[in-house]
Amino acid sequence: MRFFIDTANLNDIKEANDLGVLDGVTTNPSLMAKEGITGKKKILQHYVDICNIVDGPVSAEVISTDFKGMIAEGEILAALHPNIVVKVPMIPEGIKAIKYFYEKDIRTNCTLIFSAGQALLAAKAGATYVSPFIGRLDDVSTNGLELIAQIRLIYDNYAYDTQILAASIRHPMHIINCAEIGADVMTGPLSAIKALANHPLTDLGLQQFLADYAKGNK
Ligand code: E4P
């Protein structure tokens, strides 16, 4: 399973990258705004800064909602760096844009996926990734993991190449459950990635090993 970090915070991206387990980055307009990255020029430069840290796919989202606008924006984003993946919302104009980018060999991440039908449409249009938002589904009392399992089944039935990028991850159990189901990639915050390493028995065991070593090597 590949690990992407879902943030525009350069320190978090560096920290995850230094762990040696980071395969890519996803961002969205809200995450950019959270870091105070506003204005076209600053946003484009920020994508380049992220690409210079991580050697893997970096999703950069279009903000246009019409086909022409998405194409124009996506082409500018894709030209920034070879690792850029154009993130396109799941709306009819977005589906057309995904098809266009597919034919141009530009990779896409179809975002805001909340149903299996949407994931099927994105795969048919040629999306490289689909991003089902499991945390946001959980937030409205709908099982996000069930959606991941449904999409896995459909994609396997027809051998679609589109990769399932489990998004809106909230905690380490989401990551483990997505890995069990067979999501290709997960994108989550640094806290969820780091939490995978924690276990009190590991801490206790290490304490004991170090204490015994110290006793024997006085
Ligand atoms: C996906 O690419 C999105 O950026 C993200 O996972 C949304 O997550 P949220 O529900 O925590 O905002």
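Guide: The model is predicted, so local features need pLDDT of at least 70 and side-chain atom pairs count only at pLDDT 80 or more, while totals for chains, interfaces and linings use all residues. Residues are numbered from 1 along each chain as its sequence is written, and side-chain values use heavy atoms, with hydrogens and water left out.

Visitor: Which residues are around the ligand, and what makes a residue count as near?

Guide: They are Asp6, Thr26, Asn28, Lys87, Phe133, Arg136, Ala167, Ser168 and Arg170. A residue is near a molecule or strand if one of its heavy atoms lies within 4 Å of it.

Visitor: How is the shell around the ligand split by class?

Guide: The shell has two nonpolar, three polar and four charged residues. Ala, Val, Leu, Ile, Met, Phe, Trp, Tyr, Cys and Pro count as nonpolar; Asp, Glu, Lys and Arg count as charged; the others, Gly among them, count as polar.

Visitor: How much of the ligand does the protein cover?

Guide: On its own, the ligand has 340 Å² of accessible area, and the protein covers 85% of that. Accessible areas come from the Shrake-Rupley method with a 1.4 Å probe; for residues, only the protein chains shown count as cover.

Visitor: What makes Glu61 and Lys87 a salt bridge?

Guide: A salt bridge is a side-chain nitrogen of Lys or Arg within 4 Å of a carboxyl oxygen of Asp or Glu. Glu61 and Lys87 meet at 3.7 Å, N to O. That is within 4 Å, so the pair is a salt bridge. Glu61 lies in strand S3 (residues 58–61) and Lys87 in strand S4 (residues 84–89), so the pair ties together parts that are 26 residues apart in sequence. Helices (H or I, at least four residues) and strands (E, at least two) are DSSP runs, numbered from the N terminus.

Visitor: Are Glu61 and Lys87 buried or exposed?

Guide: Buried means under 20% relative accessible area, exposed over 50%, and partly exposed in between (1.4 Å probe, protein chains only). Glu61 has 13%, so Glu61 is buried. Lys87 has 3%, so Lys87 is buried too.

Visitor: What about the salt bridge of Arg170 and Asp139?

Guide: Their side chains meet at 2.5 Å, N to O. Arg170 lies in the loop between S7 and H9 and Asp139 in helix H7 (residues 134–139), so the pair ties together parts that are 31 residues apart in sequence. Arg170 has a relative accessible area of 39%, so Arg170 is partly exposed. Asp139 has 53%, so Asp139 is exposed.

Visitor: Which residues are linked in a network of salt bridges?

Guide: Arg152, Asp156 and Asp184 are. Asp184 and Arg152 meet at 3.2 Å, N to O. A search of the whole structure finds seven salt bridges.

Visitor: How do you know which of them is buried and which exposed?

Guide: Asp105 has a relative accessible area of 72%, so Asp105 is exposed. Ser168 has 8%, so Ser168 is buried.

Visitor: Which residues of H9 are buried?

Guide: They are His174, Ile175, Asn177 and Cys178. Just after H9, Gly182 takes a positive phi of about 105°.
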